[in-house]
Amino acid sequence: MKQLFDDVSFKCSKLVTKNYSTSFSMAVYMLAPSIRNAIYSVYGFVRFADEIVDSFHGYDKEDLINDFETEYYKAMKAGISLNPILNSFQQTVKDYNITDEMIQSFLKSMKLDLIKSDYHSKEEYNEYIYGSADVVGLMCLKVFVKGDETKYNQLKDQAMRLGSAFQKVNFLRDLKDDNLLLNRNYFPGVNLKSFDEKSKKAIIEEIEEDFRIAYQGIIKLPLEAKFGVYTAYVYYKKLLKKLAHTPCNEIGNTRIRVSNYSKAGLLAQSFVSYKLKLV
């Protein structure tokens with residue numbers, strides 16, 4: 001009956017993905033069925049940790065994130081957790097040899113959100129992004145290559161750049177909430193109170209370079225993963241383009257989105273490109 005509980009656990013991770021991110025859920029659905037559950041479990045784990053530090057106002061966030069970490073390691077040792085998100089994730093960690101360095105780097109960045117509001121140097125900025133995004137890309141790559149370490153080492157730099165690009169787009173999209181609600185500024189040397197086109201242009205150029213390098217890895221991914229990752233890439237590129245055409249003051253006062261209608265069009269576009277072997 002443990003298998004039934006494991007199945008329910010992965011379904012819970014899938015439910016978290018579908019409810020928190022329609023775009024990421026759409027991309028995961030484009031992956032081969034054999035790897036979808038593992039990616040759902042990765043998303044469930046990182047989403048819950050992120051929610052603790054970003055959303056659970058009025059609760060002791062430090063206690064919650066520490067408890068989450070403790071319960072994860074208990075699950076790893078026991079091979080089970082009554083928290084279905086941790087139960088599914090610990091199984092994925094073991095099945096795909098996700099390293100503890102990745103887990104610790106991710107949790108370190110999450111904990112920084114509890115104590116740090118400004119990133120004054122490029123080194124601080126890069127360290128935060130490595131833990132909050134790059135290692136998530138590496139976790140997913142571990143699943144995509146299914147234990148092929150040679151392939152993993154060939155693609156790890158591009159996977160990290162894709163994680164960086166996604167995170168930086170999120171930073172730019174969420175400028176209003178990060179600045180006004182959470183009192184955070186991730187971009188070093190940028191004054192959000194006087195955010196201007198010059199600053200925005202520099203950030204977008206940095207992201208475009210991340211995307212350029214990441215694409216070289218996407219086209220080399222195993223077939224089971226390529227279409228799903230490419231779908232996410234196309235969506236985030238569209239969001240970046242929309243941000244590039246949005247005035248700075250509007251980015252600082254509202255959350256820029258891609259409509260569901262546009263997402264459907266992007267999916268169709270991705271499918272045609274994939275089928276025509278343009279990717």
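How exposed is Asp-67? Asp-67 is partly exposed, with a relative accessible area of 48%. The views below come from a predicted model, where local features need pLDDT of at least 70, side-chain atom pairs count only at pLDDT 80 or more, and totals for chains, interfaces and linings use all residues. Residues are numbered from 1 along each chain as its sequence is written, and side-chain values use heavy atoms, with hydrogens and water left out.

**View 1. A patch of negative charge sits on the surface.** Here Asp-67 gathers with Asp-60, Glu-62 and Asp-63. Patch members have over 30% relative accessible area and no salt bridge, and like charges are joined within 9 Å. Asp-67 itself belongs to helix α4, residues 61–78 (helices are DSSP runs, H or I, of at least four residues, numbered from the N terminus).

**View 2. Arg-184 meets Asp-113 in a salt bridge.** The N to O distance is 3.8 Å; a salt bridge here is a side-chain nitrogen of Lys or Arg within 4 Å of a carboxyl oxygen of Asp or Glu. Arg-184 is in the loop between α9 (175–181) and α10 (197–218) and Asp-113 is in helix α6 (residues 100–115), so the pair ties together parts 71 residues apart in sequence. Arg-184 is buried at 5% relative accessibility, and Asp-113 is buried at 7% (buried means under 20% relative accessible area, exposed over 50%, partly exposed in between, with a 1.4 Å probe and protein chains only).

**View 3. Lys-146 pairs with Glu-224.** This salt bridge spans 3.7 Å, N to O. It links distant parts of the chain, 78 residues apart: Lys-146 in the loop between α7 (122–145) and α8 (149–173), and Glu-224 in helix α11 (residues 223–244). Lys-146 is partly exposed at 42%, and Glu-224 is partly exposed at 31%.

**View 4. Asp-210 and Arg-161 form a salt bridge.** Their N to O distance is 2.6 Å. Asp-210 lies in helix α10 and Arg-161 in helix α8, so the two tie together parts 49 residues apart in sequence. Asp-210 is buried at 4%, whereas Arg-161 is partly exposed at 27%.

View 5. Cys-12 is partly exposed at 27% relative accessibility, while Cys-248 is buried at 8%.

Note on methods. Patch = residues over 30% accessible without salt bridge, like charges linked within 9 Å, V, L, I, M, F, W, Y side chains within 5 Å. Areas by Shrake-Rupley, 256 points an atom, 1.4 Å probe, with all protein chains shown as cover. Lys, Arg positive; Asp, Glu negative; His and termini not counted. Charge placed at Lys NZ, Arg CZ, Asp CG, Glu CD.
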